[in-house]
Amino acid sequence: MRRFLTGLLAASLCLAGVPASAGTKEDVASFVQPTQEGRLAALEALLRREGLAYEIQTFAGGPAGKPMQGGNVVVTLGKGKRDILLTAHYDAKVLKDGTLAGAVVDNAASVVAIIQAARQLKPGAMKHRLRIVFFDQEELGLLGAKAYAAGPDGRRVAAVINFDVNGYGDTPFFADPTDPALAKAVRHACLAAGEDCLAFGAYPPSDHLAFRKAGVPETSISYLPAREAHQLWLFTHAGKTSGLEPDFMPRVLGLIHTPGDTMAAVEPATVERASELAVELVKAADKAVK
Ligand SMILES: [Zn+2]
């Protein structure tokens, strides 16, 4: 009986149309590839499908003593003298055995979230140009972001909104911007998106830091389950006084950069929430910064 009812329910859901999350999971999963080149190809395929024209800006990267060309993928939308950057890295961590992590929580989920945000953003209504940038070689030391910040386009950047680790959970947390105007804008965006965002003074390192030295207003956003987000805050801010067990580590830190960063960890609803927040963040930053 139960089985029969479940079958009926499934049938009626299908008749009702494709659920909102259809495709999100598949899009994130398309980044699980044996090579970084495979991940780049997956990104290019999504951008082509979405009708988003892109260029690949190459740079001299690679770890110390091992030169390796990198490629930042850049989508330019709208017009303006300066740019709002919406960013996420698409490269994957190389594991100790030389294979690539699935790298879906870190960071294909964010890549898909900002592509989804692009569907809803209206660059024509913005006072800045919008650039959606998919950085390469973040896992080698923010190399793609550093190359972009140091290059000619770096001088045009008005603000950076980076997404890193947005694969599961319902609680967004952000690198509290040192720029007061962007700090206010982030809080307005959280209100507009209906999200209970947590501010992190000590947010884990990601590509936004490549722009901090130049004084560019920047932030980075992640999602985790509420409990885990608070555990991570204590872990990164309170040290020995955190009150956590001495050997305790938030789940996410034992998941990213490991063989455990697979589709089993990904919740499509989180990716979609991150995309909604990205839309509000871009709109708020566009109004707030010069
Ligand atoms: Zn990352």
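Modeller: What follows starts with the sheet as a whole, moves to one strand inside it, and then turns to the surroundings.

This is a predicted model, in which local features need pLDDT of at least 70 and side-chain atom pairs count only at pLDDT 80 or more, while totals for chains, interfaces and linings use all residues. Residues are numbered from 1 along each chain as its sequence is written, and side-chain values use heavy atoms, with hydrogens and water left out.

Helices (H or I, at least four residues) and strands (E, at least two) are DSSP runs numbered from the N terminus, and two strands pair if DSSP finds at least two bridges between them. Strands of a sheet pair through backbone hydrogen bonds, either parallel or antiparallel. Here eight strands make an open sheet with mixed pairing, and their order is 1-2-4-3-5-8-6-7. Strand 1 (55-61) and strand 7 (198-200) are the edge strands, each of them pairing on one side only. From one strand to the next, the twist averages 25°, where axes are lines fitted to C-alpha atoms, for helices over the stretch in contact, and angles run from 0 to 180 degrees between N-to-C directions.

Strand 6 (residues 171-175) in turn runs parallel to strand 7, and three bridges join them. Phe-174 stands opposite Ala-199 in strand 7.

Strand 8 is mostly covered, since seven of its seven residues are buried, where buried means under 20% relative accessible area, exposed over 50% and partly exposed in between (1.4 Å probe, protein chains only). Both of its faces are covered: Glu-218, Ser-220, Ser-222 and Leu-224 are buried on one side, and Thr-219, Ile-221 and Tyr-223 are buried on the other.

Elsewhere around the sheet, helix 5 (residues 143-150) has Leu-143, Gly-144, Ala-145 and Tyr-148 among its buried residues. The buried residues of helix 5 pack against strand 1, strand 2 (68-77), strand 3 (83-89), strand 4, strand 5 and helix 7.

The structure holds five aromatic pairs, a pair being rings of Phe, Tyr and Trp (its six-membered ring) whose centres lie within 6.5 Å, with planes under 30 degrees apart counted as stacked, over 60 as edge-to-face and the rest as tilted. One of these pairs is Phe-135 with Tyr-148, which is edge-to-face at 6.0 Å centre to centre, with 75° between the planes. This pair links distant parts of the chain, with Phe-135 in strand 4 and Tyr-148 in helix 5, 13 residues apart. Both Phe-135 and Tyr-148 are buried, and together with Phe-211 they form one aromatic cluster.

Phe-135 also touches Asp-207, which lies in the loop between strand 7 and helix 7 (209-212). Asp-207 counts as buried because its relative accessible area is 0%. Leaving aside neighbours within four places in sequence, the contacts of Asp-207 are His-89, Phe-135, Glu-138, Leu-142, Ala-145 and Asn-162. Asp-207 and Gly-144 are 63 residues apart along the chain, yet their C-alpha atoms are separated by 8.2 Å.

Another buried residue is His-128, with 3% relative accessibility, found in the loop between helix 4 and strand 4 (129-135). The side chain of His-128 makes polar contacts (pairs of N or O atoms within 3.5 Å; within protein, one must be able to donate a hydrogen and the other to accept it, and residues adjacent in sequence count only if both atoms are side-chain atoms). That side chain reaches the backbone oxygen of Val-289 at 3.4 Å and the backbone oxygen of Lys-290 at 3.3 Å.

Key:
Contact = heavy atoms within 4.5 Å.
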